[in-house]
Amino acid sequence: MNNSLKNNQNLHKQTQHSDIILAVAPMEGVMDHTMRALLSKIGGMNYLVSEFVRVTQYPIPRSSFKKLVPENKNSAKTDYHHPVHTQLLGSNAELMAESAANAIAAGANHIDVNFGCPAKRVNGHGGGSVLLQDSETLFRIMNAIRQQVPAQIPVSAKIRLGYEDEEKLFDNVAAIENAGTNALTIHGRTKKDGYKPPARWEKIGLIKDRTQMRVIANGDITDLDSLTRCKTITGCTEFMIGRGSLNNPFIFQDIRNASYEEGCHQHRSQLALLFIEYTQRLQLEYDEVATLGRLKQWIGHLRFEFSDIQHNLKTLRQSKSVAEFSVKIQNILKA
């Protein structure tokens with residue numbers, strides 16, 4: 001393909017996707033503020049969502065929201081000026097509402113509620129996707145939060161298609177909307193599905209046709225091609241990317257630049273530098289064991305897009321210290 005034709009195609013793709021909104025998904029145990037900062041530095045997204053703050057026996061105090069979501073001390077933005085939404089998880093409407101008010105007092109300017117987490121330990125304590133079995137509880141939680149926080153503060157929720165099945169899907173959406181919720185992120189799977197492919201984007205499209213809420217599509221968006229297909233099927237212009245952003249931290253820029261087809265090899269030198277910065281950030285927050293664990297966790301995702309990491313995964317995972325890991329990853333990415 002000649003360069004002129006290629007450039008014209010890329011320009012067309014950029015124009016085609018200039019209206020989209022991209023968000024970073026809130027993955028517990030992975031997407032903490034150190035990873036959010038790293039992705040924000042690369043850029044391309046419109047906003048990020050925090051890991052959930054669990055609300056159980058008492059309202060979460062203002063001080064905790066500044067610690068758990070440190071961006072709230074910076075006008076709810078990263079150092080690179082990307083907004084960060086504070087996410088709550090819990091089943092007690094009153095406690096959730098009081099916690100939401102405390103989050104706003106701590107600096108949050110958008111409250112998101114997690115009704116999608118499929119983790120057994122979360123569902124076992126009455127949080128996350130288990131609540132998709134009870135539309136009335138969804139309404140009570142969202143209504144209590146909407147009534148508690150100022151009208152200008154957006155309130156959103158994240159759901160799956162259901163718990164065991166999709167029987168209550170439209171009842172759940174109606175309950176959330178009737179509570180005054182502004183936006184709804186939908187992962188196109190049930191809790192029972194876990195992360196088994198494919199995400200059922202067509203169900204997200206059906207919901208979008210039936211609601212006045214903004215709808216954000218989530219699930220199996222890993223590159224420009226999958227986003228384009230999701231957009232066609234759902235009619236959405238807003239998308240949330242989770243695992244895809246860990247597999248390829250440049251995904252948002254790649255989508256914006258219509259350049260993913262060039263391949264991740266072009267990012268190897270950038271990734272080497274990012275590993276240095278990420279390691280330094282981790283060491284400010286965690287001890288040696290936790291830092292090494294986070295680094296190993298991330299390469300488990302990166303291996304899907306970076307063949308050099310895939311080929312050297314075993315030797316990287318055998319690292320006994322952060323220093324040893326750092327030398328290995330730099331040698332691999334700079335080779």
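Helix axes are lines fitted to C-alpha atoms over the stretch in contact, and angles between N-to-C directions run from 0 to 180 degrees. Helices (H or I, at least four residues) and strands (E, at least two) are DSSP runs numbered from the N terminus. The model is predicted: local features need pLDDT of at least 70, side-chain atom pairs count only at pLDDT 80 or more, and totals for chains, interfaces and linings use all residues. Residues are numbered from 1 along each chain as its sequence is written, and side-chain values use heavy atoms, with hydrogens and water left out.

**Packing of α12 and α13**

- Helix α12 (residues 268-285) packs against helix α13 (residues 288-302) at an angle of about 145°, and their axes lie 10 Å apart.
- In contact (heavy atoms within 4.5 Å) are Leu271, Phe275, Tyr278, Thr279, Leu282 and Gln283 of α12 with Thr291, Arg294, Leu295, Trp298, Ile299 and Leu302 of α13.
- The residues of this contact comprise eight nonpolar, three polar and one charged, where Ala, Val, Leu, Ile, Met, Phe, Trp, Tyr, Cys and Pro count as nonpolar, Asp, Glu, Lys and Arg as charged, and the others, Gly among them, as polar.

- Arg200 pairs with Glu166 in a salt bridge whose closest N and O atoms are 2.7 Å apart.
- This pair links distant parts of the chain, 34 residues apart: Arg200 is in the loop between β7 (183-190) and α8 (201-210), and Glu166 is in the loop between β6 (155-162) and α7 (169-178).
- Glu166, Asp193, Arg200 and Lys203 are linked in a salt-bridge network.
- Asp220 forms a salt bridge with Arg243, with 3.9 Å between the closest N and O atoms.
- That pair also links distant parts of the chain, 23 residues apart, with Asp220 in the loop between β8 (214-218) and α9 (224-234) and Arg243 in helix α10 (residues 243-247).

- Arg281 and Glu277 form a salt bridge, their closest N and O atoms being 3.2 Å apart.
- These residues are four apart in helix α12, so about one helical turn separates Arg281 from Glu277.
- Arg281 is partly exposed at 21% relative accessible area, whereas Glu277 is buried at 15% (buried is under 20%, exposed over 50% and partly exposed in between, with a 1.4 Å probe and protein chains only).

Definitions and conventions: Salt bridge = Lys/Arg side-chain N within 4 Å of Asp/Glu carboxyl O.
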